[in-house]
Amino acid sequence: MSCQIIAKRLIYQCGRKVYFPYEQGEKCFTAYLNPIRERTEKIVPTESGVLHQGKWLMLAAAQDADLVQNGAVFRAGEDRFIVERAEKVFFGEETAYFWAIVQKAEGVE
């Protein structure tokens, strides 16, 4: 089984629907979104790390990478996000998946 298929299955199982602007409206696909945390040296009885305000990691299948460009605004449920940086991840010559750093978009249409 290819790395691309494995990554796509995991993203589909753990992800949620995101909607990107497209030529004829919106394109929907499944992506995994998770808040980014920064490691801390303190031991506290909560989740490890300090939450970066509004910054999220997005993982999605390789075939959706062309829609995710820096500066693109998309929605997931009621939340709107803007793509800060996106990169493809390769396994050998094959694009396995892609990741992006996104930020909640306040007041952006």
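Keep in mind that the model is predicted.

Start with the rings. Searching the whole structure turns up four aromatic pairs. Take Phe20 and Phe29. Their ring centres are 5.4 Å apart and the planes meet at 15°, so this pair is stacked. The cut-off for stacked is under 30 degrees. Both of these phenylalanines are buried.

Next pair: Trp56 and Phe81. Here the geometry is edge-to-face, with 5.6 Å from centre to centre and 75° between the planes. This pair links distant parts of the chain. Trp56 is in strand E3, residues 50–61. Phe81 is in strand E5, residues 79–91.

Are they buried or exposed? Trp56 has a relative accessibility of 15%, so it counts as buried; the cut-off is under 20%. Phe81 is buried too, at 0% relative accessible area.

Now put the rings together.

Which residue places its charged end over Tyr19? That is Arg75, and its charged end lies 4.1 Å from the centre of the Tyr19 ring.

Last stop, the cysteine. Cys14 belongs to helix H1, which covers residues 3–14. Its relative accessible area is 51%, so Cys14 is exposed; the cut-off there is over 50%. Cys14 also has a contact to look at in Tyr32. Between their C-alpha atoms the distance is 6.2 Å, with 18 residues separating them in sequence.

Technical notes. Residues numbered from 1 in each chain as written. Predicted model: local features only at pLDDT ≥ 70, side-chain atom pairs only at ≥ 80, totals over all residues. Heavy atoms only, no water. Phe/Tyr/Trp six-rings, centres within 6.5 Å; stacked < 30°, edge-to-face > 60°. Buried < 20%, exposed > 50% of the residue type's maximum accessible area, 1.4 Å probe, protein only. Helix = DSSP H or I, 4+ residues; strand = E, 2+ residues; numbered from the N terminus. Lys NZ or Arg CZ within 6 Å of the ring centre and 35° of its normal.
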